[in-house]
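Visitor: I am new to this structure. Could you walk me through a few of its features?

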Amino acid sequence: MTKVTAKGSAKIADVKSGFEPKLSGSVTLVNSLENGVKVKGVISDKAIKTSSLSGCSLSLEKPGSLSAVYSFDSKTTKVTVFGKSVVADKSVKGKISYNQKGDAWTGEGTVTITDDIDVTASYNLKDKEAVLSSCLTLNGIGFEPEYNLKSKDFSLSAEKEINGIPLTGSLQIL
(Lines give C-alpha, C1' and ligand atoms only; values in the text may rest on other atoms or scores of the structure.)
Protein backbone atom coordinates (compact mmCIF):
# COMPACT_ATOMS: atom_id res chain seq x y z
CA MET A 1 0.00 0.00 0.00
CA THR A 2 1.32 3.44 -0.91
CA LYS A 3 0.77 6.36 1.41
CA VAL A 4 0.87 9.88 -0.05
CA THR A 5 1.38 12.94 2.15
CA ALA A 6 1.37 16.53 0.96
CA LYS A 7 2.74 19.40 3.01
CA GLY A 8 2.81 23.05 2.17
CA SER A 9 2.99 26.56 3.44
CA ALA A 10 1.97 29.98 2.23
CA LYS A 11 3.57 33.22 3.26
CA ILE A 12 1.15 36.00 2.46
CA ALA A 13 2.90 39.15 3.63
CA ASP A 14 6.26 40.19 4.97
CA VAL A 15 6.94 43.29 7.07
CA LYS A 16 9.97 44.17 4.93
CA SER A 17 8.72 43.39 1.43
CA GLY A 18 4.99 43.99 1.81
CA PHE A 19 2.57 41.78 -0.08
CA GLU A 20 4.59 39.07 -1.81
CA PRO A 21 2.87 35.70 -1.56
CA LYS A 22 5.31 32.80 -1.39
CA LEU A 23 4.20 29.19 -1.65
CA SER A 24 6.24 26.10 -0.88
CA GLY A 25 5.53 22.45 -0.37
CA SER A 26 6.41 18.83 -0.96
CA VAL A 27 4.77 15.50 -1.71
CA THR A 28 5.98 12.34 0.02
CA LEU A 29 5.18 8.87 -1.29
CA VAL A 30 5.84 5.86 0.97
CA ASN A 31 5.41 2.29 -0.22
CA SER A 32 5.77 -0.52 2.35
CA LEU A 33 6.93 -3.77 0.79
CA GLU A 34 5.98 -7.24 2.04
CA ASN A 35 9.44 -7.78 3.60
CA GLY A 36 9.05 -4.67 5.80
CA VAL A 37 11.22 -2.38 3.66
CA LYS A 38 9.81 1.10 3.14
CA VAL A 39 10.56 2.96 -0.08
CA LYS A 40 10.08 6.70 0.22
CA GLY A 41 10.28 9.43 -2.39
CA VAL A 42 10.05 13.16 -1.72
CA ILE A 43 9.27 15.64 -4.47
CA SER A 44 9.78 19.28 -3.54
CA ASP A 45 8.19 22.36 -5.06
CA LYS A 46 11.73 23.38 -6.04
CA ALA A 47 11.70 20.55 -8.60
CA ILE A 48 8.70 22.06 -10.38
CA LYS A 49 9.98 25.63 -10.15
CA THR A 50 13.44 24.76 -11.50
CA SER A 51 12.55 21.84 -13.82
CA SER A 52 15.16 19.77 -12.03
CA LEU A 53 15.35 17.25 -9.19
CA SER A 54 16.29 19.98 -6.72
CA GLY A 55 14.87 19.21 -3.26
CA CYS A 56 14.02 15.60 -4.14
CA SER A 57 15.20 12.44 -2.40
CA LEU A 58 14.73 8.69 -2.48
CA SER A 59 15.15 6.51 0.59
CA LEU A 60 14.97 2.90 1.70
CA GLU A 61 14.38 1.87 5.28
CA LYS A 62 14.34 -1.54 6.91
CA PRO A 63 13.07 -0.76 10.44
CA GLY A 64 15.56 -1.87 13.06
CA SER A 65 18.52 -2.42 10.73
CA LEU A 66 19.07 -0.11 7.73
CA SER A 67 18.42 3.37 6.42
CA ALA A 68 19.67 4.75 3.08
CA VAL A 69 18.91 8.15 1.55
CA TYR A 70 19.94 9.53 -1.85
CA SER A 71 19.69 13.30 -2.30
CA PHE A 72 19.25 14.40 -5.89
CA ASP A 73 20.37 17.96 -4.92
CA SER A 74 23.86 17.07 -3.78
CA LYS A 75 23.99 13.70 -5.59
CA THR A 76 25.06 12.11 -2.33
CA THR A 77 24.09 9.05 -0.36
CA LYS A 78 23.87 8.52 3.39
CA VAL A 79 23.68 4.95 4.68
CA THR A 80 23.19 3.86 8.29
CA VAL A 81 23.26 0.28 9.54
CA PHE A 82 22.12 -0.25 13.11
CA GLY A 83 21.15 -2.95 15.52
CA LYS A 84 20.40 -3.69 19.14
CA SER A 85 20.83 -6.56 21.51
CA VAL A 86 20.93 -7.47 25.19
CA VAL A 87 24.31 -8.33 26.71
CA ALA A 88 24.60 -9.27 30.38
CA ASP A 89 21.09 -7.90 31.01
CA LYS A 90 22.07 -4.51 29.51
CA SER A 91 20.53 -3.02 26.37
CA VAL A 92 23.23 -2.40 23.75
CA LYS A 93 22.66 -0.39 20.55
CA GLY A 94 25.14 0.20 17.77
CA LYS A 95 25.22 1.97 14.44
CA ILE A 96 27.65 2.68 11.64
CA SER A 97 26.99 5.53 9.23
CA TYR A 98 28.51 6.64 5.97
CA ASN A 99 27.73 10.06 4.54
CA GLN A 100 29.11 10.56 1.05
CA LYS A 101 28.91 14.34 1.53
CA GLY A 102 32.20 15.02 3.30
CA ASP A 103 33.14 11.33 2.97
CA ALA A 104 32.41 10.76 6.66
CA TRP A 105 32.29 7.38 8.42
CA THR A 106 31.08 7.25 12.02
CA GLY A 107 30.50 4.49 14.52
CA GLU A 108 28.47 4.70 17.70
CA GLY A 109 27.58 2.39 20.56
CA THR A 110 25.18 2.98 23.45
CA VAL A 111 24.78 0.87 26.58
CA THR A 112 21.85 1.34 28.95
CA ILE A 113 23.36 0.90 32.41
CA THR A 114 20.10 1.49 34.31
CA ASP A 115 16.70 2.98 33.44
CA ASP A 116 18.18 6.40 34.25
CA ILE A 117 21.69 6.08 32.78
CA ASP A 118 22.84 5.64 29.14
CA VAL A 119 26.50 5.77 28.09
CA THR A 120 27.47 6.41 24.47
CA ALA A 121 30.83 6.24 22.70
CA SER A 122 31.17 7.54 19.15
CA TYR A 123 34.08 7.64 16.74
CA ASN A 124 34.47 9.69 13.56
CA LEU A 125 36.88 7.83 11.27
CA LYS A 126 37.58 10.86 9.05
CA ASP A 127 38.48 13.22 11.90
CA LYS A 128 39.82 10.41 14.12
CA GLU A 129 37.76 11.87 16.93
CA ALA A 130 36.18 9.96 19.82
CA VAL A 131 33.44 11.34 22.07
CA LEU A 132 32.07 9.88 25.29
CA SER A 133 28.64 11.05 26.42
CA SER A 134 25.91 10.06 28.80
CA CYS A 135 22.33 10.79 29.76
CA LEU A 136 21.47 10.34 33.39
CA THR A 137 18.83 11.49 35.82
CA LEU A 138 19.66 12.27 39.47
CA ASN A 139 17.03 13.63 41.87
CA GLY A 140 14.77 14.52 38.96
CA ILE A 141 17.47 16.53 37.17
CA GLY A 142 18.51 15.36 33.70
CA PHE A 143 22.26 15.61 33.10
CA GLU A 144 24.09 15.23 29.79
CA PRO A 145 27.91 15.22 30.14
CA GLU A 146 30.08 14.96 27.01
CA TYR A 147 33.86 14.61 26.65
CA ASN A 148 35.86 14.80 23.42
CA LEU A 149 39.01 12.67 23.78
CA LYS A 150 40.87 14.42 20.94
CA SER A 151 40.26 18.09 21.82
CA LYS A 152 39.79 17.45 25.56
CA ASP A 153 36.61 19.59 25.45
CA PHE A 154 34.04 18.89 28.16
CA SER A 155 30.46 20.04 28.35
CA LEU A 156 27.65 19.46 30.81
CA SER A 157 24.02 20.41 30.48
CA ALA A 158 21.27 19.99 33.04
CA GLU A 159 17.50 20.29 32.81
CA LYS A 160 14.66 20.17 35.30
CA GLU A 161 11.02 21.13 35.04
CA ILE A 162 9.56 23.01 38.00
CA ASN A 163 5.83 23.75 38.04
CA GLY A 164 5.64 23.14 34.29
CA ILE A 165 8.52 25.54 33.54
CA PRO A 166 11.63 23.93 32.02
CA LEU A 167 14.90 25.19 33.52
CA THR A 168 18.17 24.47 31.72
CA GLY A 169 21.83 25.23 32.30
CA SER A 170 25.03 24.37 30.55
CA LEU A 171 28.78 24.53 31.09
CA GLN A 172 31.59 24.19 28.56
CA ILE A 173 35.27 23.76 29.31
CA LEU A 174 37.36 24.12 26.17
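**Reading the side chains**

Guide: Lysine 49 is exposed, at 59% relative accessible area, whereas aspartate 45 is buried, at 17%. Here buried means under 20% relative accessible area, exposed over 50%, and partly exposed in between (1.4 Å probe, protein chains only). This is a predicted model, where local features need pLDDT of at least 70, side-chain atom pairs count only at pLDDT 80 or more, and totals for chains, interfaces and linings use all residues. Residues are numbered from 1 along each chain as its sequence is written, and side-chain values use heavy atoms, with hydrogens and water left out.

Visitor: How many salt bridges does the count come to?

Guide: Side chains of opposite charge can pair when their charged atoms come close. A salt bridge is a side-chain nitrogen of Lys or Arg within 4 Å of a carboxyl oxygen of Asp or Glu. The count comes to one salt bridge. Lysine 49 pairs with aspartate 45, and their closest N and O atoms are 2.8 Å apart. The two are four residues apart in helix H1 (residues 45-50), so about one helical turn separates them. Helices (H or I, at least four residues) and strands (E, at least two) are DSSP runs, numbered from the N terminus.

Visitor: And how many disulfides are there?

Guide: A disulfide is a covalent bond between the sulfur atoms of two cysteines. The rule asks for a pair of cysteine sulfur atoms within 2.5 Å, and the count comes to zero disulfides. Cysteine 56 is buried at 7% relative accessible area, while cysteine 135 is partly exposed at 36%.
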